[in-house]
Structures are given as C-alpha cells and as structure tokens.
Amino acid sequence: MKEYKMRRGEHLEDRMPDLKASIEEYFGPITGTDEFDGHELYVVEEPDNPVFKRVIAGAASYSGKKDKLAVDFQERPAEDVIAEGNADAAADAVSKKNEFLLEATGRDAKARRDSLKRTVEDKADTPDNV
C-alpha cells in the first residue's frame, strides 16, 4: 500500500470531492471496502482493465494532518496478460494509474517519485537508523 501526499496547500477532498465515483470511473465498480491501518478503503475486485487483479484506494486520514491518498494496485503477471492477447491493456493500465494519481494529488509521476525519495531519505537520517 502506498500513500501519496497532495501538493502544498491542496486537499484530497478538494481535488476529488467524490472519491468513490472517481475510483469507479477509472477502475470499475466498487465491490466493497477493506481496512488498512484504521482507514476504510474502497475495493474494486474485478477492475475494467485486465492488467489489474484488484484495486484498493481511498483517503487515509490522520488527525492534525492533511489526508493522503492510499492506493494498492494489484496487477497480474505480464506474461499472463500478453498470453491472453491483452498487451495493449498494459499501456492503458499505466495511463489510468498515472491519470488517477495526477488528478488526486496534483503531482505528476516525476514529482511523486521525488517525494517518495525524500521520504525514504528522511527516514534513513533518523537517529534509529544512524
């Protein structure tokens, strides 16, 4: 499960007022919910794109902090997707993920990677790890 921050000064509920509808629009009908670290997240058991096995997404709320977008894209092995003749679906799956994350966070793929690197570097510099 990955958690994504919004751009400075922005909030998830402003960027995606109806998060449930947005998830359904990008990935398919929501079939239930799942709990992750105390957060109730939406589950798409049979996503529209055959590359995805399952998609879990929702708001991760923390007291005193902005909400983050929590997402887990579970994908099928590339060999299986290609063997079924769905190679074109792989490119579409990458586009869907990136478009969804950009709309939700306001950050493109490069900005999300850079933010993730900074988070990892910050954790490496903590006294427990030095």
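**Reading contacts, cores and packed helices**

Q: Which residues does Asn49 touch, not counting residues up to four places away in sequence?
A: Asn49 touches Ala89, Asp92 and Ala93; contact means heavy atoms within 4.5 Å. This is a predicted model, in which local features need pLDDT of at least 70, side-chain atom pairs count only at pLDDT 80 or more, and totals for chains, interfaces and linings use all residues. Residues are numbered from 1 along each chain as its sequence is written, and side-chain values use heavy atoms, with hydrogens and water left out.

Q: Where is Asn49 found, and is Asn49 buried or exposed?
A: Look for Asn49 in the loop between β3 (39–44) and β4. Asn49 counts as buried because its relative accessibility is 8% (buried is under 20% relative accessible area, exposed over 50%, partly exposed in between, with a 1.4 Å probe and protein chains only).

Q: How is confidence read, and where is it lowest in the protein chain?
A: The protein chain averages 88, and 91% of the residues score at least 70. Confidence is lowest in helix α5 (residues 109–124), at a mean of 74, and highest in α2, at 97. Helices (H or I, at least four residues) and strands (E, at least two) are DSSP runs, numbered from the N terminus.

Q: How do α2 and α4 pack?
A: Two packed helices are described by the angle between their axes and the distance between the axes. Here α2 and α4 pack at about 160 degrees, with their axes 10 Å apart, and are therefore roughly antiparallel (over 145 degrees; under 35 is roughly parallel, 65 to 115 roughly perpendicular, the rest oblique). On the α2 side the contact is made by Leu19, Ser22, Ile23, Tyr26 and Phe27, and on the α4 side by Lys96, Glu99, Phe100 and Glu103.

Q: What does Tyr26 touch, leaving aside its neighbours within four places in sequence?
A: Tyr26, in helix α2 (residues 19–27), is in contact with Met16, Lys96, Glu99, Phe100 and Glu103. Tyr26 and Glu99 are 73 residues apart along the chain, yet their C-alpha atoms are separated by 8.7 Å. Tyr26 counts as buried because its relative accessibility is 13%.

Q: Which members of the largest nonpolar core touch the most other members?
A: A nonpolar core is a set of buried Ala, Val, Leu, Ile, Met, Phe, Trp, Tyr and Cys residues joined through side-chain atoms within 4.5 Å. Of the 23 residues in this one, they are Ile23, Phe27, Leu69, Val71, Phe73 and Phe100. Helix α4 gives the most to this core, with five residues.

Methods:
pLDDT is the predictor's confidence in each residue, from 0 to 100. Axes are lines fitted to C-alpha atoms, for helices over the stretch in contact, and angles run from 0 to 180 degrees between N-to-C directions.
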